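User: I would like to go through a structure with you. Could we take it one topic at a time?
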Amino acid sequence: MPFLDVCFSPELIHLYELKGRVVVVVDILRATSSMVTGLAHGLERIVPVSSLEDCKLYSQQGYLTAAERDGKMASDFDLGNSPFSYMSELVKGRTLAMTTTNGTRAIRLSAAADKVVVGAFLNLSSVAAYLLEQQKNVLVVCAGWKGKFNLEDTLFAGALAHKLQDSFEPENDATLAAWHLYETAKNDLEGFLSKASHVQRLRNLDIFKDITFCLQPDVYDIVPVMEGDYLVPYTPEVIKS
Ligand SMILES: O=C(O)[C@H](CS(=O)(=O)O)OP(=O)(O)O
Ligand SMILES: [Mg+2]
C-alpha cells in the first residue's frame, strides 16, 4: 500500500524526499481554493510565481495577473486572492500569473516531486480520486502561514487521509495527528476554526464569506495539475463517469 505523509510547513520541506511522490499543495485560506475555483470557472492555466515583481512582468506579456500580500489585493493587478473574484467572466480562456503570501511559494518549493497538484476542500473527492489513479506515495504540503503551522491546511490533510484510509497507509505521526484533528472537527469545520489565526486575520479585514465558501467539500470536480510551469485542470476518470 502506498504511504500518505503530511508536511506541516514549507519550511520543513527539505526534510522530505520529493522524488517518487505526488505532492498535494494545500492553502485552504485562500490560494489553492481560489486556484481550483478559477480553473473550474474557465481559466485555461495558472503560473504560480513567487514575487510581485515577477507577476508584474507577466502582465506585460498580456497575462491576467493576481497578487495578494497580507490578505489584501496588491495594487495594479487584475485579481486578489478571493475565490469569488475567480468566478468572473474575466477569467474564461485566460492564462493567469498568480502570487500570494503562502500558497504560490509552497507550490514552487514542491517542484522536485514527480507530480504537483493543488488541493482544497472544494475539490477534496477529486484529489482523492486522482491519488488513487496515481498509486504513488503522497506528501500533503501545507502552505501554513509565513512558515508557521496552521489549522485549516492540517484539517484538509486529515480529511484526505480519511478519504484514502483503505488505500493509503499513514506514513507517520503527522498523518495520524491530521487524521485525529479532522475527526474532532469534521461536523463543524467553521466552528472548530473560529479561533484559528487566519480566520481571525480575514475577519479583521471584513472577509467572512470566503471562509464559509472555502470550507465546503466537493463543489468542483477538477484537480489543478502542474504541467511544466503551469497548473492545468484535470478531471479524474472515476469522477467523469
Ligand atoms: O489571502 C490569503 O488568505 C492569505 C493571506 S495572508 O496569509 O494573510 O498573508 O494568503 P495565502 O497565500 O492564500 O495563504
Ligand atoms: Mg493561507
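User: To begin with, are D27 and L29 buried or exposed?

Analyst: Both D27 and L29 are buried. Please keep in mind throughout that this is a predicted model.

User: What are the protein donors of the magnesium ion (ligand 2)?

Analyst: D27 contributes through OD and L29 through its O atom, and these donors lie 2.1 Å from the magnesium ion. The two residues that supply them, as said, are both buried.

User: What kind of peptide bond joins L29 and R30?

Analyst: That bond is cis, with omega about 0°. R30 belongs to the loop between β2 (21-26) and α1, while L29 is also a donor to the magnesium ion.

User: How much of α1 is buried?

Analyst: Helix α1 covers residues 31-40, and nine of its ten residues are buried, so the helix is largely enclosed by the rest of the structure.

User: Which ones are they?

Analyst: The buried residues of α1 are A31, T32, S33, S34, M35, V36, T37, G38 and L39.

User: And what does the backbone do just after α1?

Analyst: G42 is found there, and it takes a positive phi of about 110°.

User: Let us step back. How many helices and strands does the protein have?

Analyst: The protein contains ten helices and eleven strands. Its radius of gyration is 16 Å, close to the 18 Å that the globule rule gives for 241 residues, so the protein is as compact as a globular protein of that length.

User: What box do the C-alpha atoms fill?

Analyst: Taken along the principal axes, the box is roughly 45 × 35 × 35 Å.

User: What share of the residues counts as buried, and what supplies the exposed area?

Analyst: Of the 241 residues, 55% count as buried. The protein exposes about 10200 Å², and carbon and sulfur atoms supply 51% of that area.

User: What about contacts across the sequence: how much comes from residues 24 or more positions apart?

Analyst: Such residues account for 77% of the contacts in the protein with a separation of 6 or more.

User: V127, then. Where is it found, and is it buried or exposed?

Analyst: V127 is in helix α4. It counts as buried, with a relative accessibility of 0%.

User: What is V127 in contact with?

Analyst: Leaving aside neighbours within four places in sequence, V127 is in contact with V24, V118, G119, L160 and V223. The C-alpha atom of V127 is also separated by 8.1 Å from that of I222, which is 95 residues apart from it along the chain.

User: And D229: where does it sit, and what does it touch?

Analyst: D229 is in the loop between β10 and β11 (230-234). Not counting residues up to four places away in sequence, D229 touches I46, V47 and P48. For D229 and P48, which are 181 residues apart along the chain, the C-alpha separation is 7.8 Å.

User: Back to the backbone. What is phi for Q135 and for D218?

Analyst: Q135 has a positive phi near 55°, in a residue other than glycine. D218 has a positive phi of about 55°, and it is not a glycine either.

User: Where are those two placed?

Analyst: Q135 lies in the loop between α4 (124-134) and β8 (137-142), and D218 in the loop between α9 and β10. Q135 is partly exposed at a relative accessible area of 45%, and D218 is partly exposed as well, at 37%.

User: And P217, is it buried or exposed?

Analyst: P217 counts as exposed, at 51% relative accessibility. Its place is in the loop between α9 (209-214) and β10 (223-227). The C-alpha atoms of P217 and T235 are separated by 16 Å, with the two residues 18 apart along the chain.

User: Last topic, charges. How many positive and negative side chains are there?

Analyst: There are 22 positive and 30 negative side chains, and the centres of the two sets lie 4 Å apart.

Notes: Residues numbered from 1 in each chain as written. Chains lettered and ligands numbered in written order. Predicted model: local features only at pLDDT ≥ 70, side-chain atom pairs only at ≥ 80, totals over all residues. Heavy atoms only, no water. Helix = DSSP H or I, 4+ residues; strand = E, 2+ residues; numbered from the N terminus. Rg over C-alpha atoms; globule rule 2.2 N^0.38 Å. Buried < 20%, exposed > 50% of the residue type's maximum accessible area, 1.4 Å probe, protein only. Contact = heavy atoms within 4.5 Å. Areas by Shrake-Rupley, 256 points an atom, 1.4 Å probe, with all protein chains shown as cover. Lys, Arg positive; Asp, Glu negative; His and termini not counted. Charge placed at Lys NZ, Arg CZ, Asp CG, Glu CD. Donors = N, O, S within 2.8 Å, 3.2 Å for Na, K, Ca; no water.
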